[in-house]
Amino acid sequence: MSLWSWLCNLASKIPTSAIGAITGPAKELSGAAKDITSVRRDLVETQIAKKKLEEYESQVQRANFDDVKEYDPKTRHIIAAGRYEIRDILGRGGFGTVYFATDLRTGRQVVIKRLAKGGEPLALLNESTVLRRLSHANIVALLDVIEEEGATELVMEYVEGRTLDQIIREHSPSELMPFLLRVLPQIASALDYAHGLRIMHLEVKPANIIVENDGTTKLIDFGIARMITGDRGTFAGTPLYMAPEQWTMAGQDGRTDQYALGLVAYQLLTGRLPFDGHTMAEIGRKVLYEPPPSPLLFSPELGARVEDIMRRVLSKNPAHRFSTCSEFAQALIAGLPQ
Ligand SMILES: Nc1ncnc2c1ncn2[C@@H]1O[C@H](COP(=O)(O)OP(=O)(O)O)[C@@H](O)[C@H]1O
Ligand SMILES: [Mg+2]
């Protein structure tokens, strides 16, 4: 079997949930915030809280998100682990739900990442194991790990801002340059730091990057992160942001994340991705066999230096890319037309 037909065969067997987190920001629930003192009075035992959370989830699941305002948080007292009051849903993906919550002990705003029913528990365990080891200004901080009834839930700092994905959707390509200048060095620094600890993120994409109002940018979602081992890699990620070596399951390292960061930069420069398609096979074929279209085709003012840098970061062969993500970020920013 040729590599390509083997790959297509493999790809057809992989459920969408395993190939990329499909998340979207849920519409905001009612703005009505519960009075903290009444919440304190209503602290319930963990078991009861869990049950309420499940009821709440099934109700939200049944709801059309346009009607979600009907679910009035005032009537609910959902406390996770006897400590975290659930207030809103920030996102839900194939594998779980991300809640916005208040830590009743400290008053701090947090997020809780919780596995969906029937989800893969190892994903959250993996994420907590990885995040425990990371402490960086541009990486979301893990605050607590809740272990209840054998399930793991992650409590993380709440990063108040917009995902880069939202920002891209809300702006025309010509307005994205200030975001590129701010976001790229920060995410490059976060990735180089993780790579220094031999951790690869493997799902660098705009939906996993949050930009705060003051421009501070944080990398989130280490759900499929792995250690750099030198062995064969895995077939996991979000297809549009997967490097060639993720498609072929060849060796993966920090340069795999650098490629994805290159795609994010390409998107911020041109408003589009170099490779897309209607099926996984179409995307994979382009990623493996086609050169990326020059960004000058879409934004001619960028100039030949940017074209060279983008060609290098998107090399099929990782050895031809930059040695670090920061080296790429610095080269690109220095290469932009003045
Ligand atoms: N720490 C956080 N602060 C604010 N929003 C977050 C945070 N973590 C996740 N989110 C929101 O929830 C969405 C899904 O979270 P993520 O960790 O990417 O889960 P998934 O694995 O389902 O993609 C994100 O795209 C973002 O909108
Ligand atoms: Mg995600």
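Student: What covers the buried residues of α7?
Tutor: Several elements do, among them α6 (164-170), β8 (199-200), β9 (209-212), β10 (217-219), α9 (254-270) and α12 (325-335). Keep in mind that this is a predicted model.

Student: Which residues of α7 are buried?
Tutor: F179, V183, L184, Q186, I187, A188, S189, A190, L191, A194 and H195 are buried.

Student: How many residues does α7 have, and how far does it reach?
Tutor: Helix α7 covers residues 177-196, which makes 20 residues. From its first C-alpha to its last it reaches 29 Å. That is close to the 28 Å expected at 1.5 Å a residue.

Student: Where does α7 bend?
Tutor: At V183, by about 30 degrees. A proline, P185, follows within four residues.

Student: And what comes just after α7?
Tutor: R198, with a positive phi of about 65 degrees. R198 is not a glycine, yet it takes that positive phi. Its place is the loop between α7 and β8.

Student: Why does R198 count as partly exposed?
Tutor: Because 14 other C-beta atoms lie within 10 Å of R198. A residue needs 20 or more to be buried, and 12 or fewer to be exposed.

Student: Is D221 buried or exposed?
Tutor: D221 is buried, because it has 22 other C-beta atoms within 10 Å.

Student: New topic. What about α5, how far apart are its end C-alpha atoms?
Tutor: They are 17 Å apart. Helix α5 has 12 residues, 121-132, so it should span 16 Å at 1.5 Å a residue, and the two values agree.

Student: Which residues of α5 are buried?
Tutor: A123, L124, E127, S128, V130 and L131. Seen down the axis of α5, these buried residues fall within an arc of 165 degrees, so they line one face of the helix.

Student: Why would residues a few places apart point the same way?
Tutor: An α-helix has 3.6 residues a turn, so residues three or four places apart point the same way.

Student: What does the face of α5 turned away from the buried side carry?
Tutor: That face carries the exposed residues P121, L122 and R132. The buried residues of α5 have cover that includes β4 (109-115), β5 (142-148), β6 (151-157) and β8.

Student: Let's do strands. How many residues of β3 are buried?
Tutor: Six of its eight. Strand β3, residues 96-103, is mostly covered.

Student: Which way do β2 and β3 run?
Tutor: Antiparallel, with seven bridges joining strand β2 (residues 84-92) to β3. Y84 stands opposite D103 in β3.

Student: And how many bridges join β3 to β4?
Tutor: Seven, and these strands run antiparallel. F100 stands opposite V111 in β4.

Student: How many residues lie between the strands in the hairpin of β3 and β4?
Tutor: Five. In that hairpin, G107 takes a positive phi near 80 degrees.

Student: What about the hairpin of β9 and β10, how many residues there?
Tutor: Four residues lie between the strands, and G215 takes a positive phi near 95 degrees. β9 and β10 pair in the antiparallel sense over three bridges. The bridge partner of I209 is L219 in β10.

Student: How many bridges join β7 to β9?
Tutor: Three bridges join strand β7 (residues 161-163) to β9, and the two run antiparallel. G161 has E212 in β9 as its bridge partner.

Student: Where is R162?
Tutor: In strand β7. R162 counts as partly exposed because it has 18 C-beta neighbours inside 10 Å.

Student: What is R162 in contact with?
Tutor: I167 and V211, leaving aside neighbours within four places in sequence. R162 and I209 are 47 residues apart in sequence, but 8.4 Å apart in space, C-alpha to C-alpha.

Student: Last one: how many helices and strands does the chain have?
Tutor: The chain has 12 helices and 11 strands. Of its 338 residues, 37% count as buried. Among contacts with a separation of 6 or more, 65% come from residues 24 or more positions apart.

Methods:
Residues numbered from 1 in each chain as written. Chains lettered and ligands numbered in written order. Predicted model: local features only at pLDDT ≥ 70, side-chain atom pairs only at ≥ 80, totals over all residues. Expected span 1.5 Å × (residues − 1). Bend = angle between axes of the 7 residues up to and from the residue. Contact = placed C-beta atoms within 7 Å. Arc of directions from axis to C-beta. Pairing = 2+ DSSP bridges.
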